[in-house]
Amino acid sequence: MVSNITIIGLVDNFKKEIAKNLASKLDMMLADVNELLIYNFVDGNMLDNFGQKYFDKSENKVVKSILSCDNIVINSNISTLNKQNNFNLFKEKSTIVYLRLSLKQFKTVNKIENYGEIAMINEAVFKERDEYMQSICDICIETEELSVNSCVENIMLGLKYFYEKDE
């Protein structure tokens, strides 16, 4: 049984809030992949200045560092998880939980997070990413109209069921 939990989804602030509350509730550490990448100077400028290969290698180093620890709730994004070497690490060393939003909910939350601006992915891309994340996750949590606390409770129930079926 792995002791790390990776939270994925399409809305960053929503994921981050749930990951933070889940870590607190389970008395676990919290790691945000994007924040650690920025802390380690891995950002868009690195991509522009040194290229994709160097960026991917640096990103993988951060992922390996996080996953070398135990009892961590990890907030990650799809682009990090989508790289095969990172994905293999996440799959081996964590339970992947997908916070699934409906398209309607995604549009609402995305507008709020972007201060009303329409800066969202289109419907076809949303559906493609949703299907992909459903296919790779260990646990899928439907978040429609749920509070952060309700989502955390559902994740805990999902984890309990996931680990019981493996025994």
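This is a predicted model: local features need pLDDT of at least 70, side-chain atom pairs count only at pLDDT 80 or more; totals for chains, interfaces and linings use all residues.
Residues are numbered from 1 along each chain as its sequence is written. Local features need pLDDT of at least 70, and side-chain atom pairs count only at pLDDT 80 or more, while totals for chains, interfaces and linings use all residues.

The protein has nine helices and five strands, taken as DSSP runs numbered from the N terminus (helices H or I, at least four residues; strands E, at least two). Of its 167 residues, 42% count as buried, meaning under 20% relative accessible area with a 1.4 Å probe, protein chains only; exposed means over 50%.

Now the sheet. Five strands make an open sheet in the order E2-E3-E1-E4-E5, with parallel pairing. E2 and E5 sit at the edges with a single partner strand each, so one side of each has no neighbour in the sheet. Strands count as paired if DSSP finds at least two bridges between them; E4 and E5 have four, in the parallel sense. Tyr 98 stands opposite Cys 140 in E5.

| E2 | 29–32 |
| E5 | 139–142 |

What about helix H8? H8 covers residues 123–136, 14 residues in total. Phe 126, Asp 130, Met 133 and Ile 136 of H8 are buried. Those buried residues fall within an arc of 135° seen down the axis, so they line one face of the helix; the arc is that of the directions from the helix axis to the C-beta atoms. On the other side of H8, Ala 124, Glu 128, Glu 131 and Ser 135 are exposed.

Key
Side-chain values use heavy atoms; hydrogens and water are left out. The expected span of a helix is 1.5 Å times one less than its number of residues.
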